[in-house]
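Here are my notes for you, in the order I would read them with the viewer open.

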Amino acid sequence: MSRVVVKGGTVVTMEPGWLPQRADVLIEDDKIVAIEPSITADAEQIDATDCIVAPGLVDTHRHVWQAGLRGVTADMVLKDYFRSVRFQASPVYRPEDIEVGNLAGMLEAIDAGVTSVLDFSHSISSPDHAEAAIDGTIASGGRSQFALGFNDVVGQHKSLDSAQGCLHLAESLRKGRLAADDALVTLGIALSDLPEVGLERIRAELEGARRLGLRSTTNALAILFNDPVDDIEVLDGAGLLGPDIVWVHLNYATPDQFRRVVESGGSVSTCPEAEMAMGMGRPATERVLAAGGHCTLGCDVTTSVSGSLLQQARTAMQVGRLLDADERMATGKAPLSVPPSCETMLKAATIWGAEALGQSHRIGSLRPGKQADLIVVRTDAVNTAPMIDPYATLITQAQPSNIDTVMIAGEIRKSGGRLRADWSTVQKRLEQSKEHVARAVTERGGFLPRPALDLPW
Ligand SMILES: [Zn+2]
């Protein structure tokens, strides 16, 4: 049995009623076994002096496979992202490209303190691509709910051109390598887009996922069609809403739509940087909270934004404050408070994210019996000292470079501020993959070229 004690840090557990305080955390194998003011144990020691010890972050919407396309859509709206990434790049991905993309993308997440990801894996051109994406994910050592994409990919293998075909692949993974619900990598389903495929296909996908005991995630109310489709109304009318769905974006949702999602027990993933970067509308954070729900956060696309979940929490918080203050100032009054708080946003990035994954009994907070997923963040750096309020330090100031140690299921994946993985080898493979993708995309007409971008400034 391995034993590790994280000593002398300021511990924020995200458990109800816990006040940040100096404490030691004892870990045996993959589990937390004690959190006490001082623990003397025959164990490997991690010195957390001048550090915050917090739960690992939980990202509820990220397309991990896209790591090799970093920044290509940074100046594009959503429809041009679709053309460049979904219709041009995705179809030319080989299994080896998605494998190294997932490995690199998961390492990026781990480096940023993200110990769990809901990976919306929507570049599944063939069953081999699914296997390769899972290979890369497992190789990273990160925790993932691997949501198998049921959406169409241009030119995909004919076995995946129907809901039944996609469900057959899901069932084989469910009975095979992703059978265990308590493994580091578990299976979920990323549904097709309702406006594209219609209700009957979505019904088949969702009911099939439920028969397999799998949770689902879907994009909704983010794209302004000429003839908008109200995903929530359609699924509600069909009796398909449920607590096993993570709704992504919901930028255009009304208070009634948020209420319906919250009453169904469903979760909402807000991706503030990506949504603002691609013109998808205002992030939903404060509207989810106003409906009595728990907002969660995702980085979504590193083709457009950063892979730091703390950055997403920071952005969501400040946008929420902007919108709230704007409303008050429109009435000629100054705001008397600036919700949401830093503590609320850390909940969004940890325990509420774990709830969205259906995993809050295992991850998302620090408590004896839970999985040992935690981060140790330096507070003696030039941008974090002195630490007075740990929530403020984490949400308003900390960068991935301040994250000294990342532990996932008791395994140390980053220490002394450096990933333990062999990044230089992964990077070389990622560069080779990028070369292949760039060549193949050029042959198909290329990414939307920069000179064609119509930006007034
Ligand atoms: Zn997305």
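1. Strand 10 (residues 216–220) and strand 11 (residues 245–249) run parallel and are joined by five bridges. Strands here are DSSP E runs of at least two residues and helices H or I runs of at least four, numbered from the N terminus; two strands pair if DSSP finds at least two bridges between them.

2. A word on the basis: this is a predicted model, where local features need pLDDT of at least 70, side-chain atom pairs count only at pLDDT 80 or more, and totals for chains, interfaces and linings use all residues. Residues are numbered from 1 along each chain as its sequence is written, and side-chain values use heavy atoms, without hydrogens or water.

3. The open sheet has eight strands in the order 6-7-8-9-10-11-12-13, with parallel pairing. Strand 6 and strand 13 are at the edges with a single partner strand each, so one side of each has no neighbour in the sheet.

4. Helix 12 (residues 342–349) is mostly covered, with six of its eight residues buried (under 20% relative accessible area, 1.4 Å probe, protein chains only). Among them are Cys 342, Met 345 and Leu 346.

5. Now the zinc ion: its protein donors are His 61 (NE2), His 63 (NE2) and Asp 300 (OD), 2.0 to 2.2 Å away. Donors are N, O and S atoms within 2.8 Å of the metal (3.2 Å for Na, K and Ca); water is not among the atoms, so sites may look incomplete. Both His 61 and Asp 300 are buried.

Conventions. Buried means under 20% relative accessible area, exposed over 50%, partly exposed in between (1.4 Å probe, protein chains only).
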